[in-house]
Amino acid sequence: MATAILKLQDASIFQGDNLIISNVNLEVNRGEFVYLIGKTGSGKSSFMKTLYGDLPLKKGVGKIVEFDLDTLKEKEIPYLRRKLGVVFQDFQLLSDRKVYDNLAFVLKATGWKEKAKIDERINECLEKVGMASKSYKFPHELSGGEQQRIAIARALLNHPELIIADEPTGNLDPQTSVEVMEVLQQLNKNGNTILMATHDYALLLKYPSKTLKCDESRIFEVVQRKS
Amino acid sequence: MSSSFDKFQKRKLISSYFSVVLSIALVLFLLGLLGLLVINANKVANHFREQVTVTIYLKDTAKDIEIKQLEKSLAIADYVKSTNYVSKEQAAEILKAENGEDFMQFLGFNPLQNSIDINLKADFVTSEKLEEISKDALSKNFVAEVSYDNDLVNLMNDNVRKISFWVLLLSGIFTLIAVLLINSSIRLSVYSKRFTIKTMQMVGATKRFIRWPFILNSIKLGIIGAIIALIGMGFVLYYIDKTFPELTLLTNQVYLIALFAGVFLLGILITWFSTFLATQRFLNLKTDQLY
């Protein structure tokens, strides 16, 4: 069994007809914590979107959690996303229902039927992010950091092989960012693979890890100086 | 706090559903009224058609048993509504009553013939069918003549055809307007949830799974709208029937039930179809195209 969970070869990222990033070659292995840094507009988000099937991979070869990105069919996208956990900068919770129902929706959408099991899994995931007491709240009743933790819990529900976090701390204050980051670090320690886009260099320094940089239409690995 | 928010959410939902339900109800109501018109126009036309009388004149030499047999065979034919044997004495009486003078007095004999009057079922009152019937009758050697007013039949059929064409055209346009109106109000309500739909897709829900609660909800609204429309139609029927009982609106129950069921089904189908289209539209959009 290959340990590479994400592998791109000569991949080009397009946004519509515009080439954003070319010649991407990278590998993410099981259990890694990988940062993706770069200025806003450098194509981080487009890169992430390509990974979870929101943008098509038109050129090059890509393999993510056993799905081929270059031949990914529209119908397979939901099933790809079930193996990924995606966390967004703007949380993207369903604002018309409570936290519990937000998570229950995901489980029901992915074929969970028994209520007892659903309850149990929701509790487990909320526990992991320290939000078990907030399941009856509406998203708008929570703070940004709390909402993001809910979003992370949601991403965890289906035991994702890879968690893709697109600037999860982008909307949060430094203090809360650290809290969210702690949650992610904890998850990584428990064996989850995480790919996180960020431009928060403070976090990089605090939690050093493998880092990819996205600049001038290219993605390359940077070596962090130990400070 | 959460319960007051709940209430607010609910009220917001109800008011946005209200306009959808109302537009469905109004459109279906109008469509239903048009349907009533169509059914009854047909009934009036049929009423006139069934007034057309074909008279088969019999020779004086015809035997009683032949006449009886012909009358019987006509009576059971599927195109005949009713038959009536008129003996020449009866015919003379009728003519006397109509003209007010006794022509037998100066003629000295009765020149009229025995005859059978038949009224046809509405569907068979066409000049082709009438010709066929008359040929059939004439082939019997005791039948002297068959007469009917062919011009009247043609004129009537022509007018009925014209009128039903326009009524159908009107119904078609109405149905189209119904679909468009309902479609646009449903589209609006789905549009307001486009980001929810996108988020649902992001967490791995299939299109079908996202779609069915929307469709279910819309069908519910469609059913409520249809029921309101049907109640409205019921009222209209009741009052028209009360004011003009001679129209016998309520006698044709099969058609009425069919119309009511049709309106109900239309309410479900239109909302189903519109919701399917509207959700499909947003399901197929990429995230960037939502804004």
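How are α6(B) and α9(B) oriented to each other? This is a predicted model, and in it helix α6 of chain B, residues 150-191, packs against helix α9 of chain B, residues 253-283, at an angle of about 45 degrees. Because angles from 65 to 115 degrees count as roughly perpendicular and those under 35 degrees as roughly parallel, α6(B) and α9(B) are oblique to each other.

**The helix pair in chain B**

- Two packed helices are described by the angle between their axes and the distance between the axes; for α6(B) and α9(B), that distance is 9 Å.
- The crossing that α6(B) makes with α9(B) is right-handed.
- On the α6(B) side, the residues in contact include B:A178, B:I182, B:I186 and B:V190, while those on the α9(B) side include B:I270, B:S274, B:A278 and B:F282.
- When the residues of this contact between α6(B) and α9(B) are sorted by type, they divide into 9 nonpolar, 5 polar and 2 charged.

**The interface of chain A and chain B**

- Chain A contributes 28 residues to the contact between the chains, and chain B contributes 21 residues.
- Between them, chain A and chain B bury about 2,200 Å², with 57% of this area on carbon and sulfur atoms.
- Within chain A, the residues that lose the most area to chain B are A:D54, A:R81 and A:F105, which together account for 23% of what that side buries.

**The salt bridge**

- The rule finds 1 salt bridge across the interface of chain A and chain B.
- A salt bridge joins B:K207 to A:E74, and the closest N and O atoms of these residues are 2.9 Å apart.

Notes:
Residues numbered from 1 in each chain as written. Chains lettered and ligands numbered in written order. Predicted model: local features only at pLDDT ≥ 70, side-chain atom pairs only at ≥ 80, totals over all residues. Heavy atoms only, no water. Axes fitted to C-alpha atoms, helices over the stretch in contact; angles between N-to-C directions. Helix = DSSP H or I, 4+ residues; strand = E, 2+ residues; numbered from the N terminus. Parallel < 35°, antiparallel > 145°, perpendicular 65-115°, else oblique. Left-handed = near helix turned anticlockwise from the far one by under 90°. Contact = heavy atoms within 4.5 Å. Nonpolar A, V, L, I, M, F, W, Y, C, P; charged D, E, K, R; others polar. Buried area = accessible area lost by both parts, 1.4 Å probe. Salt bridge = Lys/Arg side-chain N within 4 Å of Asp/Glu carboxyl O.
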